[in-house]
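This report looks at the pockets, the cavities, the ligand surroundings and a few points of backbone geometry in the structure shown below. It begins with a single side chain and then widens to the spaces around it.

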Amino acid sequence: MKKLLEGKTPANEIKENLIEEIKKLKSDGINPTLCVIEVGDDPASKIYLRVKRNLAKKVGIKEIGLHFPANTSQAELLEKIEDLNQDPSINGIMVQLPVPPQIDPRAIFETIAPEKDADGFSPFTLRRLWAVQSDVIPATVRSILTLIDYYGIEMAGKNTVIIGRSVIVGKPLAAVLVERDATVTIAHSKTKNLSELTKNADVIISDVGKAHLVTEDMVKEGAVIIDVGMNRENGKLMGDVDFDMVAPKAKAITPVPGGVGPLTVASLMKQAVILTRKQHGR
Ligand code: NAP
(Lines give C-alpha, C1' and ligand atoms only; values in the text may rest on other atoms or scores of the structure.)
Protein backbone atom coordinates (compact mmCIF):
# COMPACT_ATOMS: atom_id res chain seq x y z
CA MET A 1 0.00 0.00 0.00
CA LYS A 2 1.27 3.47 -0.85
CA LYS A 3 1.70 5.87 2.00
CA LEU A 4 1.45 9.63 1.84
CA LEU A 5 3.95 11.00 4.35
CA GLU A 6 1.98 14.08 5.36
CA GLY A 7 3.54 16.37 7.94
CA LYS A 8 0.60 18.21 9.50
CA THR A 9 -0.46 15.46 11.92
CA PRO A 10 3.01 14.89 13.44
CA ALA A 11 3.54 18.68 13.51
CA ASN A 12 0.34 19.06 15.55
CA GLU A 13 1.53 16.36 17.95
CA ILE A 14 4.82 18.24 18.46
CA LYS A 15 2.89 21.44 19.14
CA GLU A 16 0.57 19.79 21.69
CA ASN A 17 3.55 18.22 23.48
CA LEU A 18 5.41 21.54 23.49
CA ILE A 19 2.43 23.35 25.04
CA GLU A 20 2.45 20.88 27.94
CA GLU A 21 6.24 20.92 28.32
CA ILE A 22 6.42 24.73 28.30
CA LYS A 23 3.61 24.96 30.87
CA LYS A 24 5.69 22.78 33.21
CA LEU A 25 8.86 24.83 32.59
CA LYS A 26 6.97 28.05 33.29
CA SER A 27 5.55 26.65 36.51
CA ASP A 28 9.20 26.21 37.56
CA GLY A 29 9.97 29.83 36.65
CA ILE A 30 11.66 29.02 33.31
CA ASN A 31 10.42 31.07 30.36
CA PRO A 32 11.82 29.71 27.05
CA THR A 33 12.91 32.71 24.98
CA LEU A 34 13.90 32.69 21.32
CA CYS A 35 15.51 35.70 19.66
CA VAL A 36 14.80 35.87 15.92
CA ILE A 37 16.93 38.28 13.88
CA GLU A 38 15.88 39.70 10.53
CA VAL A 39 18.27 41.69 8.36
CA GLY A 40 16.67 43.64 5.52
CA ASP A 41 13.13 43.23 4.21
CA ASP A 42 12.97 40.04 2.15
CA PRO A 43 9.24 39.45 1.48
CA ALA A 44 9.45 35.64 1.73
CA SER A 45 11.35 35.97 5.03
CA LYS A 46 8.55 38.16 6.39
CA ILE A 47 6.08 35.32 5.75
CA TYR A 48 8.33 32.70 7.43
CA LEU A 49 8.91 35.04 10.37
CA ARG A 50 5.19 35.56 10.83
CA VAL A 51 4.65 31.78 10.87
CA LYS A 52 7.43 31.40 13.47
CA ARG A 53 6.06 34.23 15.60
CA ASN A 54 2.54 32.77 15.54
CA LEU A 55 3.67 29.29 16.50
CA ALA A 56 5.97 30.58 19.26
CA LYS A 57 3.01 32.46 20.72
CA LYS A 58 0.72 29.44 20.40
CA VAL A 59 3.05 27.09 22.26
CA GLY A 60 4.13 29.66 24.87
CA ILE A 61 7.67 30.54 23.76
CA LYS A 62 8.62 34.19 24.24
CA GLU A 63 9.76 35.37 20.83
CA ILE A 64 11.90 38.50 20.60
CA GLY A 65 12.13 39.83 17.05
CA LEU A 66 15.06 42.08 16.16
CA HIS A 67 15.06 43.87 12.84
CA PHE A 68 18.20 45.35 11.25
CA PRO A 69 18.24 47.50 8.10
CA ALA A 70 19.49 45.92 4.85
CA ASN A 71 22.73 47.95 4.95
CA THR A 72 23.78 46.57 8.35
CA SER A 73 27.44 45.55 8.32
CA GLN A 74 28.56 42.05 9.21
CA ALA A 75 30.55 43.44 12.15
CA GLU A 76 27.45 45.18 13.59
CA LEU A 77 25.36 42.03 13.29
CA LEU A 78 28.02 39.80 14.84
CA GLU A 79 28.48 42.24 17.71
CA LYS A 80 24.74 42.04 18.48
CA ILE A 81 24.89 38.22 18.34
CA GLU A 82 27.83 38.27 20.79
CA ASP A 83 25.71 40.39 23.18
CA LEU A 84 22.82 37.93 22.90
CA ASN A 85 25.21 35.01 23.52
CA GLN A 86 26.02 36.64 26.89
CA ASP A 87 22.42 37.47 27.80
CA PRO A 88 21.11 34.81 30.23
CA SER A 89 17.48 35.69 29.48
CA ILE A 90 17.88 34.47 25.85
CA ASN A 91 17.80 30.70 25.35
CA GLY A 92 17.89 30.46 21.55
CA ILE A 93 19.12 32.70 18.74
CA MET A 94 18.41 32.40 15.03
CA VAL A 95 19.03 34.64 12.03
CA GLN A 96 16.49 34.42 9.23
CA LEU A 97 18.16 33.60 5.91
CA PRO A 98 18.87 34.91 3.35
CA VAL A 99 20.90 37.84 4.66
CA PRO A 100 22.12 40.74 2.45
CA PRO A 101 25.27 39.99 0.38
CA GLN A 102 27.69 41.96 2.62
CA ILE A 103 27.04 39.37 5.36
CA ASP A 104 28.51 35.85 5.13
CA PRO A 105 26.05 33.35 6.66
CA ARG A 106 29.02 31.20 7.73
CA ALA A 107 30.21 34.05 9.98
CA ILE A 108 26.78 34.05 11.62
CA PHE A 109 26.83 30.27 12.13
CA GLU A 110 30.29 30.54 13.70
CA THR A 111 29.30 33.38 16.04
CA ILE A 112 26.06 32.06 17.54
CA ALA A 113 27.02 30.20 20.74
CA PRO A 114 26.44 26.44 20.20
CA GLU A 115 24.31 26.25 23.34
CA LYS A 116 21.97 28.90 21.87
CA ASP A 117 22.07 27.67 18.27
CA ALA A 118 18.33 27.25 17.64
CA ASP A 119 18.71 26.48 13.93
CA GLY A 120 21.51 23.98 14.58
CA PHE A 121 23.73 25.42 11.83
CA SER A 122 26.90 26.11 13.84
CA PRO A 123 30.07 24.22 12.79
CA PHE A 124 30.21 22.91 16.37
CA THR A 125 26.75 21.37 16.00
CA LEU A 126 27.67 19.80 12.64
CA ARG A 127 30.95 18.37 13.98
CA ARG A 128 29.16 17.01 17.00
CA LEU A 129 26.59 15.27 14.81
CA TRP A 130 29.37 13.31 13.09
CA ALA A 131 31.11 12.51 16.37
CA VAL A 132 28.36 11.61 18.83
CA GLN A 133 24.61 11.42 19.02
CA SER A 134 23.29 14.90 19.62
CA ASP A 135 19.85 16.22 20.44
CA VAL A 136 20.66 19.57 18.80
CA ILE A 137 20.11 19.18 15.07
CA PRO A 138 19.01 21.50 12.27
CA ALA A 139 15.22 21.96 12.18
CA THR A 140 14.76 20.52 8.69
CA VAL A 141 16.77 17.43 9.60
CA ARG A 142 14.63 17.02 12.73
CA SER A 143 11.53 17.30 10.52
CA ILE A 144 12.77 14.51 8.24
CA LEU A 145 13.59 12.31 11.24
CA THR A 146 10.13 13.00 12.66
CA LEU A 147 8.52 11.77 9.43
CA ILE A 148 10.78 8.71 9.38
CA ASP A 149 9.86 7.85 12.98
CA TYR A 150 6.18 8.78 12.78
CA TYR A 151 5.62 6.56 9.73
CA GLY A 152 7.91 3.78 10.96
CA ILE A 153 10.37 3.90 8.05
CA GLU A 154 13.22 1.50 8.77
CA MET A 155 16.58 3.04 7.82
CA ALA A 156 19.02 0.32 8.94
CA GLY A 157 20.93 -1.08 5.97
CA LYS A 158 18.90 1.01 3.52
CA ASN A 159 20.62 2.39 0.44
CA THR A 160 19.91 6.07 0.91
CA VAL A 161 20.70 8.81 -1.59
CA ILE A 162 20.58 12.39 -0.34
CA ILE A 163 20.57 14.87 -3.22
CA GLY A 164 22.06 18.17 -2.01
CA ARG A 165 24.98 18.83 0.35
CA SER A 166 24.02 22.06 2.10
CA VAL A 167 25.19 22.59 5.68
CA ILE A 168 21.59 23.16 6.73
CA VAL A 169 20.16 19.91 5.34
CA GLY A 170 22.24 17.45 3.27
CA LYS A 171 25.41 17.19 5.37
CA PRO A 172 23.81 17.02 8.85
CA LEU A 173 21.13 14.66 7.51
CA ALA A 174 23.84 12.28 6.27
CA ALA A 175 25.38 12.26 9.75
CA VAL A 176 22.14 11.35 11.53
CA LEU A 177 21.15 8.71 8.99
CA VAL A 178 24.55 7.02 9.17
CA GLU A 179 23.99 6.95 12.93
CA ARG A 180 20.75 5.08 12.17
CA ASP A 181 22.71 2.49 10.17
CA ALA A 182 21.65 3.67 6.71
CA THR A 183 24.17 3.38 3.87
CA VAL A 184 24.32 6.97 2.70
CA THR A 185 25.45 8.56 -0.56
CA ILE A 186 25.39 12.36 -0.91
CA ALA A 187 24.91 13.67 -4.44
CA HIS A 188 25.37 17.29 -5.57
CA SER A 189 25.65 19.41 -8.69
CA LYS A 190 28.94 17.78 -9.75
CA THR A 191 27.64 14.22 -9.32
CA LYS A 192 27.84 12.21 -12.54
CA ASN A 193 24.97 9.88 -13.51
CA LEU A 194 22.67 10.84 -10.66
CA SER A 195 20.02 8.44 -11.93
CA GLU A 196 22.41 5.47 -11.62
CA LEU A 197 22.60 6.23 -7.91
CA THR A 198 18.91 6.93 -7.37
CA LYS A 199 17.77 3.84 -9.30
CA ASN A 200 19.49 1.70 -6.68
CA ALA A 201 18.22 3.69 -3.71
CA ASP A 202 15.72 2.35 -1.18
CA VAL A 203 15.31 5.90 0.13
CA ILE A 204 15.77 9.14 -1.84
CA ILE A 205 15.83 12.49 -0.06
CA SER A 206 16.01 15.50 -2.36
CA ASP A 207 17.09 18.88 -1.02
CA VAL A 208 18.06 20.87 -4.09
CA GLY A 209 15.48 23.48 -5.06
CA LYS A 210 14.89 22.37 -8.68
CA ALA A 211 11.42 21.32 -9.79
CA HIS A 212 11.22 18.07 -11.81
CA LEU A 213 14.76 17.03 -10.81
CA VAL A 214 13.67 13.55 -9.71
CA THR A 215 11.65 11.83 -12.39
CA GLU A 216 9.88 8.49 -12.55
CA ASP A 217 12.68 6.77 -14.54
CA MET A 218 15.16 7.61 -11.72
CA VAL A 219 13.23 5.77 -9.02
CA LYS A 220 12.97 2.06 -8.33
CA GLU A 221 9.68 0.38 -7.54
CA GLY A 222 8.96 0.52 -3.79
CA ALA A 223 11.38 3.34 -2.91
CA VAL A 224 10.66 5.84 -0.13
CA ILE A 225 10.81 9.44 -1.38
CA ILE A 226 11.27 12.46 0.88
CA ASP A 227 11.10 15.76 -0.94
CA VAL A 228 12.57 18.76 0.89
CA GLY A 229 12.72 21.08 -2.14
CA MET A 230 10.42 24.07 -2.38
CA ASN A 231 9.99 25.57 -5.82
CA ARG A 232 7.46 27.91 -7.39
CA GLU A 233 6.28 27.12 -10.90
CA ASN A 234 3.46 29.18 -12.45
CA GLY A 235 2.56 30.36 -8.96
CA LYS A 236 2.30 26.77 -7.67
CA LEU A 237 4.47 25.42 -4.86
CA MET A 238 6.18 22.12 -5.70
CA GLY A 239 9.12 20.03 -4.62
CA ASP A 240 12.09 18.58 -6.52
CA VAL A 241 10.22 15.36 -7.30
CA ASP A 242 7.78 14.87 -10.18
CA PHE A 243 5.12 13.84 -7.68
CA ASP A 244 2.36 12.63 -10.03
CA MET A 245 4.69 10.35 -12.01
CA VAL A 246 6.84 9.12 -9.11
CA ALA A 247 4.08 8.51 -6.50
CA PRO A 248 2.61 5.37 -8.17
CA LYS A 249 6.06 3.70 -7.99
CA ALA A 250 6.90 4.76 -4.45
CA LYS A 251 6.19 2.81 -1.28
CA ALA A 252 5.87 6.12 0.54
CA ILE A 253 6.26 9.73 -0.55
CA THR A 254 5.98 13.23 0.94
CA PRO A 255 3.65 15.73 -0.72
CA VAL A 256 4.84 19.30 -1.37
CA PRO A 257 3.29 21.32 0.13
CA GLY A 258 2.25 19.42 3.26
CA GLY A 259 5.20 17.06 3.83
CA VAL A 260 8.45 18.24 5.41
CA GLY A 261 7.41 21.93 5.37
CA PRO A 262 4.74 21.93 8.11
CA LEU A 263 7.19 20.22 10.48
CA THR A 264 10.06 22.67 10.13
CA VAL A 265 8.77 25.51 12.28
CA ALA A 266 7.48 23.07 14.91
CA SER A 267 10.96 21.48 14.93
CA LEU A 268 12.58 24.88 15.45
CA MET A 269 10.34 25.51 18.48
CA LYS A 270 11.17 22.06 19.83
CA GLN A 271 14.85 22.85 19.47
CA ALA A 272 14.39 26.15 21.36
CA VAL A 273 12.85 24.20 24.24
CA ILE A 274 15.62 21.55 24.19
CA LEU A 275 18.22 24.36 24.42
CA THR A 276 16.27 25.98 27.29
CA ARG A 277 16.15 22.69 29.19
CA LYS A 278 19.87 22.05 28.66
CA GLN A 279 20.74 25.55 29.87
CA HIS A 280 18.80 24.77 33.05
CA GLY A 281 20.43 21.38 33.50
CA ARG A 282 17.29 19.38 32.60
P1 NAP B 1 21.44 25.03 -1.26
O2 NAP B 1 22.29 25.45 -0.13
O3 NAP B 1 21.37 25.86 -2.49
O4 NAP B 1 21.86 23.55 -1.67
C5 NAP B 1 21.37 22.94 -2.81
C6 NAP B 1 22.18 21.69 -3.09
O7 NAP B 1 21.68 21.09 -4.29
C8 NAP B 1 23.67 21.95 -3.31
O9 NAP B 1 24.42 21.01 -2.57
C10 NAP B 1 23.85 21.74 -4.83
O11 NAP B 1 25.10 21.19 -5.18
C12 NAP B 1 22.79 20.71 -5.09
N13 NAP B 1 22.39 20.69 -6.51
C14 NAP B 1 22.11 21.75 -7.31
N15 NAP B 1 21.77 21.33 -8.54
C16 NAP B 1 21.85 19.98 -8.53
C17 NAP B 1 21.63 18.97 -9.49
N18 NAP B 1 21.24 19.26 -10.73
N19 NAP B 1 21.80 17.68 -9.13
C20 NAP B 1 22.19 17.36 -7.88
N21 NAP B 1 22.41 18.28 -6.89
C22 NAP B 1 22.24 19.58 -7.23
O23 NAP B 1 19.92 24.85 -0.82
P24 NAP B 1 19.23 24.50 0.61
O25 NAP B 1 19.24 25.70 1.45
O26 NAP B 1 19.75 23.21 1.15
O27 NAP B 1 17.74 24.28 0.11
C28 NAP B 1 17.44 23.36 -0.92
C29 NAP B 1 15.95 23.29 -1.15
O30 NAP B 1 15.31 22.83 0.02
C31 NAP B 1 15.30 24.64 -1.50
O32 NAP B 1 14.24 24.42 -2.39
C33 NAP B 1 14.77 25.10 -0.16
O34 NAP B 1 13.68 25.99 -0.31
C35 NAP B 1 14.33 23.79 0.43
N36 NAP B 1 14.25 23.76 1.89
C37 NAP B 1 13.07 23.37 2.41
C38 NAP B 1 12.92 23.31 3.77
C39 NAP B 1 11.61 22.86 4.35
O40 NAP B 1 11.36 23.08 5.50
N41 NAP B 1 10.78 22.17 3.57
C42 NAP B 1 13.99 23.66 4.61
C43 NAP B 1 15.22 24.01 4.04
C44 NAP B 1 15.35 24.05 2.66
P45 NAP B 1 26.49 22.00 -5.01
O46 NAP B 1 26.80 21.91 -3.54
O47 NAP B 1 27.44 21.25 -5.86
O48 NAP B 1 26.22 23.40 -5.46
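## A buried asparagine

Asn91 is found in the loop between α3 (74-86) and β4, in what is a predicted model. Its relative accessibility is 2%, and because buried means under 20%, Asn91 counts as buried. The side chain of Asn91 has a polar atom that lies 2.8 Å from the backbone nitrogen of Thr33.

## The largest pocket

The largest pocket has a volume of about 1500 Å³. Its lining is made up of 46 residues, and the closest to the centre of the pocket are Tyr48, Thr140, Met230, Gly261 and Thr264. By class, the lining of the largest pocket holds 26 nonpolar, 12 polar and 8 charged residues.

Several helices and strands take part in this lining: α1 (8-27), α2 (43-59), β4 (92-95), α6 (139-150), β9 (231-233) and α10 (261-279) each supply at least two residues. The largest share, 7 residues, comes from α2.

## The second largest pocket

The second largest pocket has a volume of about 250 Å³, and 14 residues line it, with Lys236, Met238, Val241, Phe243 and Asp244 nearest its centre. The elements that give two or more residues to the lining of this second largest pocket are β10 (236-238) and α9 (243-246). Divided by class, the lining of the second largest pocket has 7 nonpolar, 3 polar and 4 charged residues.

## Surroundings of the ligand

The ligand is surrounded by 18 residues, of which Arg165, Ser166, Ser189, Met230 and Thr264 are the closest. Met230 and Thr264 are also among the residues closest to the centre of the largest pocket. The shell around the ligand divides into 6 nonpolar, 9 polar and 3 charged residues.

A polar side-chain atom of Asp207 lies 3.0 Å from an oxygen atom of the ligand, while a backbone N or O atom of Met230 lies 2.9 Å from an oxygen atom of the ligand. Val228 places a backbone N or O atom 3.5 Å from a nitrogen atom of the ligand. Taken alone the ligand exposes 930 Å², and the protein buries 70% of that area.

## Enclosed cavities

The structure holds 2 cavities of 30 Å³ or more. The largest cavity contains about 60 Å³ of space, and the residues that line it are Ile93, Met94, Val95, Ile108, Phe109, Ile112, Asp117, Asp119 and Phe121. Two or more residues of this lining come from each of β4 and α4 (105-111), and the largest share, 3 residues, belongs to β4. The lining of the largest cavity has 7 nonpolar, no polar and 2 charged residues.

In the second largest cavity there is about 30 Å³ of space, lined by Glu38, Val39, Asp42, Ser45, Gln96 and Pro98. The lining of the second largest cavity divides into 2 nonpolar, 2 polar and 2 charged residues.

## Cis peptide bonds and positive phi

Most residues other than glycine have a negative phi, and most peptide bonds are trans. Against that background, the peptide bond that joins Leu97 and Pro98 is cis, with omega about 0°. Pro98, which is one of the residues lining the second largest cavity, is found in the loop between β4 and α4. The peptide bond from Val256 to Pro257 is also cis, with omega near 0°, and Pro257 lies in the loop between β11 (252-253) and α10.

Positive phi values in residues other than glycine occur at His212, where phi is near 65°, and at Asn234, where phi is near 50°. His212 lies in the loop between β7 (203-206) and β8 (224-227), and its relative accessibility of 36% makes His212 partly exposed. Asn234 has its place in the loop between β9 and β10, and at 80% relative accessibility Asn234 counts as exposed.

Note on methods: Residues are numbered from 1 along each chain as its sequence is written. Side-chain values use heavy atoms; hydrogens and water are left out. On a 1 Å grid over the protein atoms alone, a cavity is a set of points where a 1.4 Å probe fits but cannot get out, and a pocket is an open set with protein on both sides within 12 Å along at least five of seven lines; lining residues have an atom within 4 Å of a point. Grid points are joined across faces, edges and corners, and a volume is the space filled by probe spheres set on the points. Helices (H or I, at least four residues) and strands (E, at least two) are DSSP runs, numbered from the N terminus. Ala, Val, Leu, Ile, Met, Phe, Trp, Tyr, Cys and Pro count as nonpolar, Asp, Glu, Lys and Arg as charged, and the others, Gly among them, as polar. A residue is near a molecule or strand if one of its heavy atoms lies within 4 Å of it. A polar contact is a pair of N or O atoms within 3.5 Å; within protein, one must be able to donate a hydrogen and the other to accept it, and residues adjacent in sequence count only if both atoms are side-chain atoms. Accessible areas come from the Shrake-Rupley method with a 1.4 Å probe; for residues, only the protein chains shown count as cover. Buried means under 20% relative accessible area, exposed over 50%, partly exposed in between (1.4 Å probe, protein chains only).
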